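Welcome, and please open your viewer. This tour moves from stop to stop, telling you what to select and what is there.

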Number of protein chains: 2
Amino acid sequence: MISFEEAFQNVLDHPLNLGNEQVTLLQSTGRILAEVIKADRDFPPFDRSTKDGIAIHFSAIEQGNDRFKIVGTLSAGMAQQTLSSDANCFEIMTGAVLPKAADTIVMYEETAIKDGWAILSKTPKKGQNIHRQGSDEKAGAVLLEKGRKITAAVIGVLASVGKTEVLVKKLPKVCVVSTGNELVEVSETPLPHQIRKSNMLSLTAALEKIKIFPTQLHLADDRTVVEKKLQKALAEFDVLMLSGGVSKGKFDFIPDALEALGVEKIFHRVSQRPGKPFWFGIQIAHKKVVFSFPGNPVSTFANYHVYFLPWLSKTLGIEMEKQHVILDETVQPQSNLTLFLQVRTERRKGKLLAKLVQGNGSGDLVSLAKTDGFICVPAGETEIAKGNAFELISCV
Amino acid sequence: MISFEEAFQNVLDHPLNLGNEQVTLLQSTGRILAEVIKADRDFPPFDRSTKDGIAIHFSAIEQGNDRFKIVGTLSAGMAQQTLSSDANCFEIMTGAVLPKAADTIVMYEETAIKDGWAILSKTPKKGQNIHRQGSDEKAGAVLLEKGRKITAAVIGVLASVGKTEVLVKKLPKVCVVSTGNELVEVSETPLPHQIRKSNMLSLTAALEKIKIFPTQLHLADDRTVVEKKLQKALAEFDVLMLSGGVSKGKFDFIPDALEALGVEKIFHRVSQRPGKPFWFGIQIAHKKVVFSFPGNPVSTFANYHVYFLPWLSKTLGIEMEKQHVILDETVQPQSNLTLFLQVRTERRKGKLLAKLVQGNGSGDLVSLAKTDGFICVPAGETEIAKGNAFELISCV
């Protein structure tokens, strides 16, 4: 049995290099950008009116003129026009191109329009109400760096430079595997000694949230069948994520089966609660990683968030956002294992406070639905005072 | 022009009542539960072994016995057996049903197994290592209340009670509408006076993140066509979300067209920046809501987060989570408009700090990609000191 710290480092030491892939613009939301995005033209691409009003040349104002003959109307989407004389003006709409030989825009609120003439009611400032070509970004400027998460705002930037396809980091192909003869389908009515599958479903939901759409596989407690099915899964997927079959029972032959298939055990059993019988292994030659979590719902769910998500961030080359919570009660853990305590959080004036969720051990699925995250309490701690800060391992 | 506070209240005063719908279990992730979920049986459904070891009757220990004849092996998924004599024991695996006439489980680590006998190395406590039937929840107990968000953990609970289909709150059918002759498709190379559509794409990405998959529609600047297309969209969708065409320009006839179609204007123009020319209306008889945002990227994006998301929470009957940030610099706003300032946030020891993003006005799309959210500064504020707390209108 190894310490949590050692186990965690071991997991992080085995990221996969999955490469990149092209996806369509809207499919790229939530993914990690794998190319540098540069401005394909100036932003904005022309001197752009920011108001509805009239476009004039300021020299007319300097000469004392405050009446302008309207020679046309310019709207967004029209090609650039030319102001032929500084005695004239164009009506101009927001988003339209500033005409040549004009340099100032006066908004309607500061003019009176009558009989084809615009009369100013207020002296304008030279150059006002123009969003200058290239003032946001020059053509060729880097707009987005590699490695950033693609948010809705980023989608807007990608659209504006014409990216119908975007190069993003590939996500691992994951197979979520349940084990155990006691499990029946969600649609079935279990016999008294049976229970419905739930870990596989909550893992699938958690993965889908981060845009990984896993395949599901169930293994009955039969060593030969288990090995055959695992072999097939190892060939098809980058990551196997199992729950159950890794404790010390007679039918817990998952570790043996994996090792027989050439998956090298990195560790089995971690000095932590929940999640102690966690088995982690890799098949280096074929670039496969196996997370074999213990089958209790709280154990599986905790280990997914404690180990898999940081491993995925490492694999994608991104930093995980670290969020801290402040413990809102005093806790007396008293365990020689590293503890992952279930907490419920509450925001109060810029602070995120955490209270323990009173669960009933690692089989208590219902307590998980009340849990916002886990905090990691080092082995041996006997009392942690209210007010201490912890990193939150969020699970919502 | 009305105040921001008034506009906001007006929007919240017009939620839609969309009702509920059945979706499949995994489709329900991220949605709002619209039914009460009760335990269909006890949780756990039987007295369940929490260890791998042997099952005995404690009376044998009281009589001084520490050796038990092994009469069989029980694994998870096997029907309940009966211990015929307290001189005997079953080997029992984690998750298996406690046999009748057994009341205590001793883990392998505290026994020696030899020649069909188990010899205890440590005196057990009566009733140990059993997860008692109904100890988490009794059959009929409420596990999940209506109105809660369906997380991955909730999916686990729903699976365990056999919900292959889940009743959730309906989401609005949304049509995202872009306007303006200057806009071309993302796939096109714009002429000098044209730009690519971006608002529609970022709104679509933002909506998809919350599981609303909108339809996209573009309106060229032609009043007759605009009215015809809007009429069709009003018939098909619950919500129209437009960008552009609502300022004071000659081609900004969206408000007129909407009113001609029987959409009642609730307000037009709000004393705020960005997003001032926002038009909001409803068609009461047909339960339609129209958010017509100004066309500048920052205006559209801010108003979506400032108005639409709170409106959606009201429509779904849920509380929006309120997150606060602490201003990490002193700000001198000086405006008689309510300001929505773009901020970038950083977590430090349980606190979320915010610094302003220096953008170049409401047309600056690129600055949005650096923005984590907006803070609302009331009209008339001249100085806000570093350290003040603000509600964060998150946009990532």
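A residue is called buried when its relative accessible area is under 20%, exposed when it is over 50%, and partly exposed in between, using a 1.4 Å probe and protein chains only. This is a predicted model, in which local features need pLDDT of at least 70, side-chain atom pairs count only at pLDDT 80 or more, and totals for chains, interfaces and linings use all residues. Residues are numbered from 1 along each chain as its sequence is written, chains are lettered from A and ligands numbered from 1 in the order in which they are written, and side-chain values use heavy atoms, with hydrogens and water left out.

**Stop 1: chain A as a whole**

Colour chain A by domain, with bounds from an automatic or database domain assignment: domain 1 (4-18 + 171-316), domain 2 (21-43 + 135-169), domain 3 (48-131) and domain 4 (324-394). The centres of domain 3 and domain 4 of chain A, taken over C-alpha atoms, are 63 Å apart.

**Stop 2: A:Glu91**

Select A:Glu91 in strand β6 (residues 88-92) of chain A; helices (H or I, at least four residues) and strands (E, at least two) are DSSP runs, numbered from the N terminus. Is A:Glu91 buried or exposed? With a relative accessible area of 6%, A:Glu91 is buried. Its side chain makes a polar contact of 2.3 Å with the side chain of A:Tyr108. A polar contact is a pair of N or O atoms within 3.5 Å; within protein, one must be able to donate a hydrogen and the other to accept it, and residues adjacent in sequence count only if both atoms are side-chain atoms. Not counting residues up to four places away in sequence, the residues that A:Glu91 touches include A:Ile54, A:Leu74 and B:Lys250, where contact means heavy atoms within 4.5 Å.

**Stop 3: A:Val177**

Next, pick A:Val177 in strand β13 (residues 174-179) of chain A. A:Val177 is buried, at 0% relative accessible area.

**Stop 4: helix α5 of chain B**

Show residues 223-236 of chain B, the helix α5. Which residues of α5(B) are buried? They are B:Val226, B:Leu230, B:Ala233 and B:Leu234. These four lie on the same side of α5(B), because they cover an arc of only 100 degrees around the axis, the arc being that of the directions from the helix axis to the C-beta atoms. Among the partners that the buried residues of α5(B) pack against are β13 (174-179) and α6 (254-260) of chain B. At the N-terminal end, B:Asp222 caps α5(B), with a side-chain oxygen 3.0 Å from the backbone nitrogen of B:Thr224.

**Stop 5: backbone details**

Most residues other than glycine have a negative phi, and most peptide bonds are trans. Zoom in on A:Phe43 and A:Pro44, joined by a cis peptide bond with omega about -10 degrees. In chain B, the bond from B:Arg273 to B:Pro274 is also cis, with omega near -5 degrees. Then select B:Ala101, which is not a glycine but has a positive phi of about 65 degrees. B:Ala101 sits in the loop between β6 (88-92) and β7 (104-107) of chain B and is partly exposed, at 42% relative accessibility.

How values were computed: The expected span of a helix is 1.5 Å times one less than its number of residues.
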